[in-house]
Amino acid sequence: MLNRVRSAVAHLVSSGGAPPPRPKSPDLPNSTSAPPADPPQAPRSPPARAGSGSAAPARTVESRASFCRPTFLQLSPGGLRRADDHAGRAVQSPPDTGRRLPWSTGYAEVINSGKSRHNEDQACCEVVYVEGRRSVSGAPREPSRGQGLCFYYWGLFDGHAGGRAAEMASRLLHRHIREQLKDLVEILQDPSPPPLCLPSTPGAPGSSDSSHLVGPQSCWSSQKEVTHESLVVGAIENAFQFMDEQMARERHGHQVEGGCCALVVVYLLGKVYVANAGDSRAIIVRNGEIIPMSREFTPETERQRLQMLVRVYDLTQYEHCPDDVLVLGTDGLWDVTSDCEVAATVDRVLSAYEPNDPSRYTALAQALVLGARGTPRDRGWRLPNNKLGSGDDISVFVIPLGGPGSYS
């Protein structure tokens with residue numbers, strides 16, 4: 001059914017050349033053009049100034065782009081310098097100013113101990129509105145904000161050989177997902193089963209591309225089940241593919257090396273979709289039980305590179321308590337921390353807070369980062385058992401599963 005969209009990407013920029021071009025969505029710019037309007041957000045923490053020297057221009061561009069921290073951290077220039085300090089390795093979290101992340105999500109990060117010049121992880125947390133592009137009959141219609149959908153989005157991106165690819169993916173991947181969902185708005189809002197053939201609209205993105213999810217005469221065999229869930233999965237996979245191709249073009253045009261892994265969570269219409277491409281990991285801790293939500297891997301061949309995994313969790317099937325959480329972490333966390341150790345930290349930290357205290361999830365994210373980083377001792381960072389702590393960048397989201405929240 002969806003075989004043609006299941007070749008999404010493990011590392012969002014490959015080590016090879018650019019793939020064959022596909023039509024670009026009109027709403028999605030190249031990284032060098034102005035982005036489309038999104039919900040208001042705080043100014044992005046500025047990149048650090050590149051030092052003086054005789055570095056090549058391409059490397060200077062990479063240096064400037066690499067040290068750009070997530071918008072929601074709201075770092076001052078002084079905070080930005082602390083975040084870039086390999087010796088101190090201060091843990092960074094959003095300020096407790098009342099404007100919390102959606103769902104009271106917790107977040108914490110720390111830079112590596114000298115593995116790379118800057119923190120090459122990136123993160124994004126957004127509420128994204130999707131306007132339908134056309135009606136189910138295929139007839140164009142005027143956009144109406146009353147007929148759209150919202151999805152919640154979290155993304156962790158672990159950069160390799162530089163931070164530019166991770167920074168670019170953190171800015172654009174959720175927009176690619178939005179673009180892919182535009183054709184599905186009315187279908188997803190209809191409780192009846194989706195049609196086996198999705199009509200095309202002349203001039204719409206994908207109308208001349210048979211590999212688009214809803215391209216012309218896009219009919220699947222009646223022997224294959226088509227569900228709302230499978231359509232969303234296909235849209236997310238398509239978005240990963242378009243993101244990979246866009247970054248390949250940028251890499252070719254700007255001669256900036258590097259790539260990234262991506263771990264993405266989308267909440268839409270009662271279901272949580274977890275897409276992983278690379279060696280980050282997501283688990284649910286529910287009533288003490290550990291539920292793996294991703295499978296990490298480090299591809300060694302081009303065939304392995306073209307892999308990703310999307311798992312779906314239906315929030316409506318369970319009555320979740322405030323201590324049930326979805327934990328996302330880059331490999332800096334999982335290199336030194338097991339699933340069981342994370343679950344034990346979840347229980348220890350959350351039990352120390354009132355269930356309705358929204359700061360408990362940030363405290364948990366900080367505890368997970370600190371536990372993986374360790375403390376400076378014996379000319380290194382050590383865990384309580386004296387083993388080496390993680391020397392990598394560490395980024396963690398903690399998402400409570402009690403239900404959608406909002407910015408206050």
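**View 1. Surroundings of glutamine 92.** A polar atom of the glutamine 92 side chain lies 3.3 Å from the backbone oxygen of alanine 90. A polar contact here is a pair of N or O atoms within 3.5 Å, of which, within protein, one must be able to donate a hydrogen and the other to accept it; residues adjacent in sequence count only if both atoms are side-chain atoms. The model is predicted: local features need pLDDT of at least 70 and side-chain atom pairs pLDDT 80 or more, whereas totals for chains, interfaces and linings use all residues. Residues are numbered from 1 along each chain as its sequence is written, and side-chain values use heavy atoms, without hydrogens and water. Glutamine 92 is found in the loop between α2 (77-83) and β1 (106-110); helices (H or I, at least four residues) and strands (E, at least two) are DSSP runs numbered from the N terminus. Glutamine 92 counts as buried because its relative accessibility is 9% (buried is under 20% relative accessible area, exposed over 50%, partly exposed in between; 1.4 Å probe, protein chains only). Not counting residues up to four places away in sequence, glutamine 92 touches Leu73, Leu75, Gly79, Arg82, Ala83, Tyr107, Ala108 and Glu109 (contact means heavy atoms within 4.5 Å).

**View 2. The largest nonpolar core.** Of its 39 residues, Phe151, Tyr153, Phe157, Leu181, Phe240, Val266 and Leu268 touch the most other members. A nonpolar core is a set of buried Ala, Val, Leu, Ile, Met, Phe, Trp, Tyr and Cys residues joined through side-chain atoms within 4.5 Å. Elements that each supply at least two residues of this core include β3 (149-160), α3 (164-181), α5 (228-254) and β6 (259-268). The most comes from α5, with nine residues.

**View 3. Phenylalanine 151 and a second core.** Beyond four places in sequence, the residues that phenylalanine 151 touches include Val127, Val128, His174, Ile177, Leu181, Val266 and Leu268. A second, separate core has 30 residues, among them Trp154, Leu156, Ile291 and Met293.

**View 4. The second largest pocket.** Its volume is about 300 Å³. Val336, Thr337, Glu341, Gly371 and Leu383 are the closest to its centre of the 15 lining residues. A pocket is an open set of points on a 1 Å grid over the protein atoms alone where a 1.4 Å probe fits, with protein on both sides within 12 Å along at least five of seven lines; lining residues have an atom within 4 Å of a point. The volume is the space filled by probe spheres set on the points, which are joined across faces, edges and corners. Two or more lining residues come from each of α8 (339-350) and α9 (360-373), and α9 gives the most, with four.
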